Amino acid sequence: MLTLLLLFFPLAAALLVLLGGARNASRLALGFAVAELALTAYAVTVFQASGPEAFYIFQPWIESPKVSFHLGLDGLSLVMVMLTNFLMPVIILSAFHRNIHHASGYFSLILLMQFALIGVFIAMDGLLYYIFWELALIPVYFIALRWGGANRVAVTLKFFIYTLAGSLLMLFGFIMLYWYNPAQSFDIRELYRIYITDGNQSWLFWTFFLAFAVKIPIVPFHTWQADTYREAPTQGTMLLSGIMLKMGTYSLIRWLLPILPVGVAKWGPLAITLCVIGIVYASIIAMRQRNLKNLLAYSSLAHVGLISAGIFALNIQGLQGSVVQMVAHGVNVVGLFFCADIIFNRTVTINSDNLGGIRTLAPQFATAFLIIVLGSVALPLTNGFIGEFLLLYGVYEYNTWLSVFAGLTVILGAVYMLRMYKKVMLGHPGARVPEFSDLYWNEKLALGMLVVVIIGMGIYPKPILDLAEPVLQSILNKTII
Amino acid sequence: MTDKHKTVEESLDQIRTTTFLGLLIPLLPLLGFLVNGFLGKYLPKSVIGWIGSLSVLGSFICTLILFRQAGPTDAIQIDLFSWIALGSIDISFGLTIDALTLIMLMVVTGIGFLIHLYSIGYMHADEGFTRFFVYLNLFIFFMLLLVMGSNLLMMFIGWEGVGLCSYLLIGFWFKNPSYNDAAQKAFVMNRIGDLGFLLGMFFILFHFGTLDFSTIEQMAPSLVADNGLLIAITMLLFIGATGKSAQIPLYTWLPDAMAGPTPVSALIHAATMVTAGIYMIVRTNVLFAMAPFTLAVILWIGVATSVVAAIIGLKQNDIKKVLAYSTVSQLGLMFAALGLGAFSSGIFHLVTHAFFKALLFLGAGSVIHALHGQQDIRWMGGLKKLIPITYITFIIASLAISGFPLLSGFFSKDEILAHAFQQNLPVWIILSLSSLLTAFYMFRLVYLTFFNDFRGTEETRSHIHESPWTMTVPLIILCVLSVLGGLMGLPVVFHANHWLNTWLADVTAPAAAILHQGHHISHTMEVILMSVAGIGAILSILYARHVYLTRRSVPESDEAMSGWGKVIYQKFYVDELYDRWIVAPAFKLAEWLGNVFDKHVVDRVVTLTAGFLDASGRTLRVFQSGNTGSYVFAMVLGIVVLFIIRLLI
């Protein structure tokens, strides 16, 4: 019951916000998102008390092809749901004090997005999962298309076609899995059990991998990303980078690894190499980006490259690191894009050449921004460190030289992030930015929430590690061939 | 029965007290940081300064109490909680206080307190006063984690944490772009070392299954067979040390770091943080002792850094730059000691150096304070009478660092030189040379700053005044320590028993068991060496006196420089070299990858694929008309397709 409530409450909220009119849309949406967050907190206590069984939902849906309404909330799903539902209030708060036309539609779509994302993370039936996966694309597509920047039409189309092409491959993959499955079902328990010949696993790997690789994105399937992040409205970018790309990394763990272990064993080395190349490639490009949002897009690309590399390292450190880093990256990247938005809101530019001296004018903002930057460069006692340490160690266990190469992110990350901070925030005030009002209450609240999580998770990551461990361990056992 | 019960109760009590005190040591500065950080804007300056200073004094007092109770073989273990635990890894958030940690704690909290006190006076007029104390307390907290961490990862928290504070404090005056550049350079160069540290940890974690110092120490001897592994581990850790402790090739950030306020230079870039690399190697001495190759590398890097930095120091005209290169040089000397396997000698010099180098920086700060920001010694001179306390303490510190007989630096330096003489004559010669250079550039600095006539403007001169007591008291205390610091390591020749070696014997025992150092040189030889070094130092000082006092030479202006003098003044153009061969190509590559390759090659490939996609895209566009209905339709269609496939099977 709780599972259904968690899933459908945002859908109902989306409808209510749409009907509630533009004036109260933001407050209404915030209220619903906070209620959902409270529900999540309650779900965590239930989970701690009685484990994943309490969240099991199974209802036959379509007789033929056999599709069932199978939902489940294990530790891994719960972590992803926690991330989603924590970020939602922050994302909605970030839209306060901004002029948004057709606000009821906007916030309604954000909540619809929440519904779809939760669906992706808790669906335990292949086709049901696929439906949520595609459903998640719709709200963000409209958010970018209707509320985006000047180039939005072309950019959004590229994004849409790109990801849809990947998704169709995945759909095809699922159909083939169904075909190979003697039990004729999409149920994850069946899919985890079925035997697929090595040859078939080998090419099926690509149908799933490409879909996820576009979503994450893994280099070289990333060229939609920077443009989309830049053109989408801030909340859209936050949804995309903070949560939606985790659909890809989550799915690697949930669907690809355990179902196609032979395919993963065969192509994993190539995939991890791509990921690691992507880390360094994106980090180097990030060093010379003047547009703040472009820089953040490339930095995000580097981070998710490392997350994916940790997954393909196929060991518990890498997997745990990826889960921790999914959460950390989600929190940090939302914070970073929010800071970019705050800057844009005051100065109407995000070109770092035209910025500087903000720290003197807005000390509170400067401190919050700095802490988020530090989380992003993985300073110990911030959330980014735990993830990066485990991920790099996972990659090290996989291959020493690969970890040396991936480790360059430690240096390059500091270069591009601190350069950016220096150009944007430090220096003499007044030269380029004449005035800059410090944080409004909604910004203070949202950034405060993020900062607390950044430091809290850095000091005490155990709850997340403990939640994810059993699931990851059992998935890891399935990859042993 | 009751008696026994009572003693158990008492010893439990004892453990509780020590745990409590041990926890207070890092917590007090953290508390100071939090109070000043959150409530600072409501508090008057005087209160902020004292909160900052007294929190560190509190830690110092706790350290003293623990020190009084502890014996050299005791180790207090405080495990707070399991930090990162998964699979077979279990890294605890734990602290250890043993003999080595206690020494470091006394240096960090003791000198840390004095420098906090000094800062109350030094920073009183700065608009960032509160921020300064907030950062300074945070630094102390991280430094304490660094020296108290019971495993490598805990040490790494402190290690990067102090790097952050160093970054914040170098760029403290963040309106100045060149200061910001210096701060960023420091952070990035440290990060290069940190990657080495991180990879070293991975090797250890993988092969030992733990990062715990005590477990590593126990397990290491069983790894003797695997030479390559040990070399890899120790070399990687040493790379980390070269970053933090400013050794070749990663030393160039430290002179630039002088952009920070002078108390920062004294605390972070002389006495504490930059010695972290030495502490780290001594902490893991058993690994290094088993890797003779790495020890040789450390030795020669240390020797080279020591002499190169000393040469550069000869020609610098910024009072802080001279001291910065001197620090690099002295750190090189400490690394040379470690390379010779003389771990406790390295620590001995670390401690005495902390005394006199902190004093020199604070003295320099007092000079700069008196001259309202002037740092160029060409515009100083004749300050002897005007700021007498600063003068006297500065000159004593200079004597100490030069190795003037019986002052603290004399003993700690001679111990290292004696080890060098015994094991490796060329090293002894080079290090002795570097000592002579040290004595020379230090007294060049002394004579140019304090003697002869004032060379600045009359206006500046009229404002020169001695610093307030919060600044002079730390000078005096550090001066006493610089004189007497050698007592902790009085050699056997003086019929003492070298207290520090005895105190650290348990810490360095694992290395000692492996290295089997040969017989000590004879006492006669030791006395001869000491005399040679002492006389050399005095002659060098006299030569500086001749040049800069008697002949009244003043370094030429920047434009007039030429030849080798200019090359040395320009620090052998190493910064330019790095910029040209590393930084510039990296940025060029970034530019090309971002603007050309990513846009035109990667995206082109995508467009080609899109040729295929376009066809499907056109078809798709039919039901991408933009309304939700068509998506539902698409989905239904998908299900129908599935249904058809199902029928076909």
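This is a predicted model: local features need pLDDT of at least 70, side-chain atom pairs count only at pLDDT 80 or more; totals for chains, interfaces and linings use all residues.
**Chain A as a whole**

Begin by selecting chain A and colouring it by secondary structure, which comes to 19 helices and 2 strands. The radius of gyration of chain A is 21 Å, close to the 23 Å that the globule rule gives for 481 residues, so chain A is as compact as a globular protein of that length. Turned along its principal axes, the C-alpha trace of chain A spans about 70 × 55 × 45 Å. Buried residues account for 65% of the 481 residues in this chain. If contacts are displayed for pairs at least 6 apart in sequence, 82% of those in chain A join residues at least 24 apart.

**Helix H13 of chain A**

Next, select residues 316-347 of chain A, which form helix H13. This helix has 32 residues and reaches 45 Å from its first C-alpha to its last, close to the 46 Å expected at 1.5 Å a residue. Step just past the helix to A:Val348, where phi is positive, at about 55°.

**Two loops of chain A**

Now select A:Gln184, in the loop between helix H6 (152-180) and helix H7 (188-193) of chain A. Although A:Gln184 is not a glycine, it has a positive phi of about 55°. Most residues other than glycine have a negative phi, and most peptide bonds are trans. A:Gln184 counts as partly exposed because it has 13 C-beta neighbours inside 10 Å.

Continue to A:Pro220, which lies in the loop between helix H8 (198-215) and helix H9 (225-231) of chain A. The peptide bond that joins A:Val219 to A:Pro220 is cis, with omega near 10°.

**Chain B as a whole**

Along the principal axes, the C-alpha atoms of chain B fill a box of roughly 105 × 80 × 55 Å. Of the 649 residues in chain B, 53% count as buried. For contacts in chain B with a separation of 6 or more, residues 24 or more positions apart account for 81%.

**B:Asn36 and its surroundings**

Select B:Asn36, located in helix H1 (residues 2-39) of chain B. Is B:Asn36 buried or exposed? It has 27 C-beta neighbours inside 10 Å and therefore counts as buried. Leaving aside residues up to four places away in sequence, B:Asn36 touches B:Ile48, B:Ile51, B:Gly52, B:Thr130, B:Phe133, B:Val134 and B:Asn137. For a sense of distance, draw a line from the C-alpha atom of B:Asn36 to that of B:Lys185: the two atoms are separated by 28 Å, and the residues are 149 apart along the chain.

**A helix pair in chain B**

Show helix H10 (residues 262-271) and helix H14 (residues 319-339) of chain B together; their axes come within 11 Å and cross at roughly 5°. The two helices, H10 and H14 of chain B, are therefore roughly parallel to each other. To see the contact, display B:Thr262, B:Ser265, B:His269 and B:Ala270 from H10, with B:Lys320, B:Ala324 and B:Thr327 from H14. By class, this contact has 2 nonpolar, 4 polar and 1 charged residues.

**Two loops of chain B**

B:Pro249 is found in the loop between helix H8 (227-244) and helix H9 (253-256) of chain B.

Move on to B:His372, in the loop between helix H15 (343-370) and helix H16 (388-402) of chain B. B:His372 is not a glycine, yet it has a positive phi of about 55°. With 11 C-beta neighbours inside 10 Å, B:His372 counts as exposed.

**Where the chains meet**

Finally, display both chains: 50 residues of chain B are in contact with 50 residues of chain A. On the side of chain B that touches chain A, at least two residues each come from strand S1 (76-86), helix H5 (152-170), helix H6 (177-208), helix H24 (574-622) and helix H25 (628-648) of chain B. Coloured by class, this side of chain B has 32 nonpolar, 10 polar and 8 charged residues.

Conventions
Residues are numbered from 1 along each chain as its sequence is written. Chains are lettered from A and ligands numbered from 1 in the order in which they are written. Two residues are in contact if their C-beta atoms, placed from the backbone, lie within 7 Å. Helices (H or I, at least four residues) and strands (E, at least two) are DSSP runs, numbered from the N terminus. Ala, Val, Leu, Ile, Met, Phe, Trp, Tyr, Cys and Pro count as nonpolar, Asp, Glu, Lys and Arg as charged, and the others, Gly among them, as polar. Axes are lines fitted to C-alpha atoms, for helices over the stretch in contact, and angles run from 0 to 180 degrees between N-to-C directions. Angles under 35 degrees count as roughly parallel, over 145 as roughly antiparallel, 65 to 115 as roughly perpendicular and the rest as oblique. The expected span of a helix is 1.5 Å times one less than its number of residues. The radius of gyration is taken over C-alpha atoms; the globule rule is 2.2 Å times the number of residues to the power 0.38. A residue is buried if 20 or more other C-beta atoms lie within 10 Å of its own, exposed if 12 or fewer, and partly exposed in between; C-beta atoms are placed from the backbone.
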